[in-house]
Amino acid sequence: MNINIRELEFSYTNEKTLNGVSGDLEKGEFISIIGPNGTGKSTLIKCINGILKAQKGLLSINDVNIEAMTQNDIARVISYVPQSTSSLFNLSVFDMVLLGRRPHATWRSSKVDRLKALKAMKTLDIESLAMKSFNELSGGQKQKVVIARAIAQETKIIVLDEPISNLDIKHQIEVMEILKSLVDNTGVTAISVVHDLNIAIKYSNKIMVMHKGKAVAIGDPKIVLTKEMIASVYGVEVTCSNVEDNLVIIPQKIICS
């Protein structure tokens with residue numbers, strides 16, 4: 001499914017968090033949204049998922065204005081992985097993952113729903129946690145459970161807000177490999193806020209650079225992420241090296257204003 005964003009604006013206060021964001025996100029792409037803290041990355045993710053409603057502009061999914069869609073309509077096509085998750089109830093890991101089937105289920109979950117939840121847990125290698133209390137897990141384990149819930153939801157679009165922020169490097173790579181495999185093998189569109197530029201380069205088909213509430217660049221990571229772009233957006237001097245045909249960004253120093 002394609003997502004088209006045109007001149008999107010959103011404000012929490014008088015200051016605009018999103019200030020005319022535009023971009024086209026296409027089916028079967030892994031898109032990383034990058035940029036300094038406070039530039040509107042998480043806000044944009046929440047607008048795409050319908051959690052927040054933009055005050056101006058247009059956001060459409062396969063040419064359907066998101067404002068014409070109900071929350072259940074959105075939940076059938078977009079799954080969401082937040083920065084952090086807690087449960088008000090003492091749910092097991094299995095029950096948390098099974099919640100991903102709610103947009104497709106009737107009053108009770110079916111055998112098919114349960115099997116799909118188990119399959120998603122297997123994908124993230126968390127079957128051994130099935131009967132554990134979600135609230136007793138580590139931050140990294142919780143993140144993998146929530147990603148499994150999104151996979152169980154079986155949507156055409158997955159949006160993720162810093163999905164690897166609480167994971168060690170091994171599990172960061174594991175999660176990104178799983179998401180990239182979903183994109184490559186099923187045609188799912190994955191849109192993720194990522195802070196590590198080198199991980200974004202390695203796994204993304206496309207990068208959107210956010211700065212001061214705008215998308216200042218969008219395109220192939222190896223073309224978009226130049227020394228000049230990084231300096232202007234982050235205020236950091238870097239070197240860009242080519243290692244085994246991979247772009248690697250190495251920070252050097254903060255640029256004095």
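Visitor: What does the radius of gyration say about the protein's overall build?
Guide: This is a predicted model, and for its 257 residues a compact globule would have a radius of gyration near 18 Å, so the 19 Å of the protein agrees with that expectation. Along its principal axes the C-alpha trace spans about 55 × 40 × 35 Å.

Visitor: And how many helices and strands are there?
Guide: The protein has nine helices and 12 strands.

Visitor: Let's zoom in on strand β6. Are its faces covered or open?
Guide: Both faces of β6, which covers residues 78-81, are covered, with Ile78 and Tyr80 buried on one side and Ser79 and Val81 buried on the other.

Visitor: Why do the neighbours end up on opposite sides?
Guide: In a regular strand the side chains alternate between the two faces of the sheet.

Visitor: Which way does β7 run relative to β6, parallel or antiparallel?
Guide: Strand β7, residues 157-161, runs parallel to β6, and four bridges join the two; within β7, Val159 is the bridge partner of Tyr80.

Visitor: Switching topic, how far apart are the mean positions of the positive and negative charges?
Guide: They are 5 Å apart, taking the 30 positive and 27 negative charges of the protein.

Methods:
Residues are numbered from 1 along each chain as its sequence is written. This is a predicted model: local features need pLDDT of at least 70, side-chain atom pairs count only at pLDDT 80 or more; totals for chains, interfaces and linings use all residues. Side-chain values use heavy atoms; hydrogens and water are left out. The radius of gyration is taken over C-alpha atoms; the globule rule is 2.2 Å times the number of residues to the power 0.38. Lys and Arg count as positive and Asp and Glu as negative; His and the chain ends are not counted. The place of a charge is taken as NZ of Lys, CZ of Arg, CG of Asp or CD of Glu. Buried means under 20% relative accessible area, exposed over 50%, partly exposed in between (1.4 Å probe, protein chains only). Two strands pair if DSSP finds at least two bridges between them.
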